[in-house]
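Here is a note for someone reading a structure for the first time. Please keep the sequence and the 3D view open while going through the points.

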Amino acid sequence: AELRPGVSIQREWLYRRPGGELLTIWVTISALPGEGGAPGGFVFIGRDVTAEREAERDRDRVFAYSIDMLAIVTGRGRFKRVSPAWERTLGWKPEELIGQSLWHFVHPDDREEQIARARAVLEGRDACDLRGRFRHADGSWRWVSFNASAATDDESYVVARDITDIVRAEEEMEETMEVLRANAVALEEQAAELDRLRIEAEYLANHDALTGALNRRAWFHQAAIHAPTAIAIFDIDYFKKINDTYGHPAGDVVLREVARRLEAAAGEAGVVGRIGGEEFAVFFTVPATEAKEIALRCVGEVAREPVAIGGGLELQVTVSGGFAPWQPAPEDRPLDALSVTYEAADRALYRAKEAGRHRLAAA
């Protein structure tokens, strides 16, 4: 009754199939011209949109009940439709978002990067995890992650989720890891320092602090486990006179230099130790005849050139030595071969001193 020629109407009507099933039909009816201006007939075009409407109802239910923020946006990023979750999560009512650009709500520091990444949507590709700070209705900023489908018919579906707590947890975790890394570095440095101190303590426990040679305890320990072939004992001649005349600092210089020269002369064939104040001992691991030659070389090496004691002064320093090849232990002292050999070298040392010093006497 409403139609006139040239006029059409569009309606969505329900139709029933013979079996009782209802279909949603999109109907277009147009009037055809007839006599006297009355319609001469009607053109009826119907299209079954039942499945489309059902899909829309499903989408509406998803929009209504999803805990994620759902939206349909244009290719330029303007909101066309938003789910209630936007208001529940970020405080924005639908009418405050519809028609607005999504990028208007993104933090200025994040906007350029996110827009660049979102260009994939216009290029027909999905964009995933577009992270940025999104303005809450109360003015605060919340971290939001967006997934957007490739744009079709100038529309893109957006799924967004508030990840503020996740980002804060990640930041706290990174801070914790930074502290742990710093602590690990500190522990490594502490362990290195402890190792250095342990090595230093072990060295000081076994070496004479002044000369660097083995101390008495360590020298006897090493001699006991290395099966020496001979022992030599050296004593700096007139050392007390050096201390009395030039002072103890000069005496310390002499002690250090004598130790260095003895170690250079003995080389790998012998092990030098400072046994007493000005007394040094060497145990040898080469054959006794070769050891005796090295002991003689030690006496000559010490006296080879003067020792500079500072202030432009130089002293001619000599040593006396006693040498003894390895001695068998007496029957009443079966485990005392080291002591017996040492005592023999010590007696030889005294003979060298009595004979005028600066010489080597052998047992």
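Predicted model: local features only at pLDDT ≥ 70, side-chain atom pairs only at ≥ 80, totals over all residues.

1. Start with the largest pocket, which has a volume of about 320 Å³. Its lining consists of 17 residues, and those nearest the centre are Gly 75, Arg 76, Gly 77, Trp 103 and Ala 118. Two or more lining residues come from each of strand S4 (69-74), helix H4 (108-122), strand S7 (141-148) and strand S8 (155-162). H4 gives the largest share, five residues.

2. What classes of residue make up the lining of the largest pocket? There are 11 nonpolar, four polar and two charged residues.

3. The structure holds 11 aromatic pairs. In one of them, Phe 105 and Phe 134 are stacked, with 5.5 Å centre to centre and 10° between the planes. Phe 105 belongs to the loop between helix H3 (94-97) and H4, while Phe 134 belongs to strand S6 (residues 127-135), so this pair ties together parts that are 29 residues apart in sequence. Both Phe 105 and Phe 134 are buried.

4. Phe 105 and Phe 134 also belong to a cluster linked by ring pairs, together with Phe 79, Trp 86, Trp 92 and Phe 146.

5. Arg 81 lies over the face of Phe 63, at 4.5 Å from the ring centre. Arg 357 has its charged end over the ring of Tyr 238, 4.6 Å from the centre of that ring.

Methods: Residues numbered from 1 in each chain as written. Heavy atoms only, no water. 1 Å grid on protein atoms, 1.4 Å probe; cavity = no way out; pocket = protein on both sides within 12 Å on 5 of 7 lines; lining within 4 Å. Points joined across faces, edges and corners; volume = space filled by probe spheres on them. Helix = DSSP H or I, 4+ residues; strand = E, 2+ residues; numbered from the N terminus. Nonpolar A, V, L, I, M, F, W, Y, C, P; charged D, E, K, R; others polar. Phe/Tyr/Trp six-rings, centres within 6.5 Å; stacked < 30°, edge-to-face > 60°. Buried < 20%, exposed > 50% of the residue type's maximum accessible area, 1.4 Å probe, protein only. Lys NZ or Arg CZ within 6 Å of the ring centre and 35° of its normal.
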